[in-house]
Amino acid sequence: MEICVTLPWPPTALSPNARLHWAKLARAKKAYRLACAWQAKAQGAGRIEADKLHLSLTFYPPTRRAYDLDNALARMKAGLDGLADVLGVDDSRWSLSIARADAVGGYVQVLACAA
């Protein structure tokens with residue numbers, strides 16, 4: 001089974017380099033988790049029966065500015081938790097591959113395949 005969803009670009013507040021008050025950070029995480037869950041549902045994602053998943057994440061940055069892939073992945077943590085909520089597969093049973101696209105767009109393309 002294969003699922004492809006487009007998630008919003010993670011906000012700057014979720015960057016490991018951001019120095020936010022814990023309450024503001026918690027609000028940002030909750031909002032992004034919900035946004036990603038709703039986006040996935042709106043694109044037809046739902047609960048799946050799988051023991052393991054492999055996710056391929058392709059980051060389409062909002063500008064041509066250089067973004068570190070490790071920071072981009074860290075910013076996605078709350079969004080991936082939202083996707084896990086929708087899919088019903090715990091993210092401890094996921095494997096990941098990440099890539100940066102040459103094109104700009106301001107979103108993250110996620111391809112999930114049952115492993």
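Which helix among the elements of the chain has the lowest mean pLDDT, and which the highest?

**View 1. Confidence along the predicted chain.** Helix α2 (residues 69-75) has the lowest mean pLDDT among the elements, at 94, while helix α1 (residues 22-42) has the highest, at 97. Here pLDDT is the predictor's confidence in each residue, from 0 to 100. Over the chain the mean is 94, and 100% of residues reach 70 or more. This is a predicted model, in which local features need pLDDT of at least 70 and side-chain atom pairs count only at pLDDT 80 or more, while totals for chains, interfaces and linings use all residues. Residues are numbered from 1 along each chain as its sequence is written, and side-chain values use heavy atoms, leaving out hydrogens and water.

**View 2. The open sheet.** Four strands follow the order β1-β4-β2-β3 with mixed pairing. Strands (E, at least two residues) and helices (H or I, at least four) are DSSP runs numbered from the N terminus; two strands pair if DSSP finds at least two bridges between them. At the edges stand β1 (2-8) and β3 (94-100), each with a single partner strand, so one side of each lacks a neighbour in the sheet.

**View 3. Strands β2 and β4 together.** Residues 53-60 of β2 pair with residues 107-114 of β4 in the antiparallel sense, over eight bridges. Look for L55, whose bridge partner in β4 is A112.

**View 4. D81 in its helix.** D81 sits in helix α3. Its relative accessibility is 15%, so D81 counts as buried (under 20% relative accessible area; exposed is over 50%, partly exposed in between; 1.4 Å probe, protein chains only). Leaving aside neighbours within four places in sequence, D81 is in contact (heavy atoms within 4.5 Å) with R33 and D91.
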